[in-house]
Amino acid sequence: MPTLAVVGAGPKGIAIAAKARAVAAAGLDAPRVVLVERGAVAGNWSGRQGYTSGLLPLGTPAEKDIGFPYADSWGAASPAVTAAMADYSWQRHLIAHGMYADWVDRGRLRPTHRQWSCYLREVADRAQAEIVAGEVVSLEAVGGRWRLALEHGEVWADGVVFTGAGPPIRVAGQPREHPRVFDGRSYWLAERALKKEVARSACVIGSGETAASVVISLLTKSHKGSTVDVVTSRGVLYSRGESYDENRFYSDPGDWPQLAESHRREFLERTDRGVFSPQAEAILNQSYGFRTLAGRAVRIEAGERQVVVTIEYGSERERVAYDLVVVAIGFQARWFERLLHPQVRRRLASGLAGPELERRIELDLSVAGLNPPLHLPMVAGLAQGPGFPNLSCLGLLSDRILRRYVALEAPAPVAAERRESV
């Protein structure tokens with residue numbers, strides 16, 4: 001039985017573990033799935049580890065749960081796999097807690113991040129997910145398998161999946177720790193301590209959903225005389241599209257590779273990266289006290305009483321002083337590279353991938369030509385579909401990855417490419 005190690009016990013890892021249980025329940029030989037987690041299960045959604053207050057609404061509909069879109073990925077066994085996955089659905093979770101009718105009658109409200117975290121933990125328990133507590137410190141290929149070295153111990157696997165957000169992206173000069181400078185993770189750890197008694201000037205750098213959530217929080221918690229500047233390199237704030245023609249690529253990316261790369265990149269920019277959700281947009285449309293500044297924050301100078309942000313727009317530069325600055329321009333998608341053994345890093349830096357990595361992601365979300373397989377859903381958006389880096393098609397993501405390790409009578413059309421060993 002092959003072993004698949006997943007770094008991170010969040011939505012993606014739990015979805016893979018639950019799908020492996022469902023595949024086994026359908027009579028197929030599923031791989032052993034091991035989730036390696038340094039913190040709490042689904043902890044980044046609880047509000048206790050940063051990234052969120054826990055009270056923010058989920059950006060995707062709750063119906064896009066662990067098994068969505070419940071695709072026929074398993075040949076003749078597909079109905080049995082889908083039936084088994086129904087035990088892990090959001091609706092089943094609500095039914096078990098006597099909350100399903102109330103949720104429907106209230107218009108199928110989106111759960112808070114904390115409620116979503118509770119659902120994920122329940123799925124992990126029901127699926128009897130195997131979880132190893134620890135932090136991965138290095139990854140190397142040995143004899144055709146992966147060795148994941150932990151702070152205490154190790155895990156051996158035939159394939160590895162990296163999930164979750166990496167460290168926040170920083171601006172030049174940004175201090176690691178400062179009482180007036182925060183990022184998309186640390187802000188939520190400090191949010192409760194922010195006082196409302198005095199007016200303050202705040203700056204939020206970024207134009208994505210993390211930035212939107214921070215802006216809403218600041219407008220809600222701050223003194224009515226406070227002001228919030230939102231600095232965006234795109235010039236204006238855009239909202240995410242929610243039409244069928246846009247959403248369908250997140251649920252079923254079968255036609256995605258046929259789009260020109262320029263159109264795929266434009267799609268990702270307009271619907272996923274650097275855009276506010278319609279829910280956030282609706283709140284901000286009724287809010288006062290914030291404005292948009294066109295430009296790119298190129299430097300931060302943090303003092304004891306003020307933080308100066310240098311904003312560059314075209315050939316112009318402006319230095320603006322604030323009482324509080326939050327850098328919310330996203331998280332590092334390729335954070336896993338620092339864990340790779342030099343032998344693996346050299347392979348990725350060569351013509352095998354390197355800067356072309358996002359173009360070299362195969363159907364099973366692994367790096368083309370690399371053996372043993374390394375699955376990277378966080379960078380799979382351009383090559384395989386916009387839903388894989390986020391929560392939009394967790395069921396299809398787990399199908400794609402697990403299909404690599406499960407033999408069916410009629411093999412699925414996984415791209416056949418000669419693979420080189422590390």
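1. Before anything else, a term you'll need: pLDDT is the predictor's confidence in each residue, from 0 to 100. You need it here because this is a predicted model. Over residues 414-420, pLDDT stays under 50.

2. Now for the chain as a whole. Its mean pLDDT is 92, and 95% of the residues reach 70 or more.

3. Have a look at Glu37, which sits in strand E2, a run covering residues 32-37. This residue is buried, yet it has no salt bridge. Where is the nearest side chain of opposite charge? That would be Arg38, 5.4 Å away. A salt bridge would need the charged atoms to be within 4 Å.

4. So what does the side chain of Glu37 have around it? A polar atom of that side chain lies 2.8 Å from the backbone nitrogen of Ala9. The backbone nitrogen of Gly39 is also placed 2.8 Å from a polar atom of the Glu37 side chain.

5. Last, the cysteines. How many disulfides are there? The count comes to 0. As for individual residues, Cys118 is partly exposed, with a relative accessible area of 33%, while Cys203 is buried at 0% relative accessibility.

Note on methods:
Residues are numbered from 1 along each chain as its sequence is written. This is a predicted model: local features need pLDDT of at least 70, side-chain atom pairs count only at pLDDT 80 or more; totals for chains, interfaces and linings use all residues. Side-chain values use heavy atoms; hydrogens and water are left out. Contact means heavy atoms within 4.5 Å. Helices (H or I, at least four residues) and strands (E, at least two) are DSSP runs, numbered from the N terminus. Buried means under 20% relative accessible area, exposed over 50%, partly exposed in between (1.4 Å probe, protein chains only). Lys and Arg count as positive and Asp and Glu as negative; His and the chain ends are not counted. A polar contact is a pair of N or O atoms within 3.5 Å; within protein, one must be able to donate a hydrogen and the other to accept it, and residues adjacent in sequence count only if both atoms are side-chain atoms. A disulfide is a pair of cysteine sulfur atoms within 2.5 Å.
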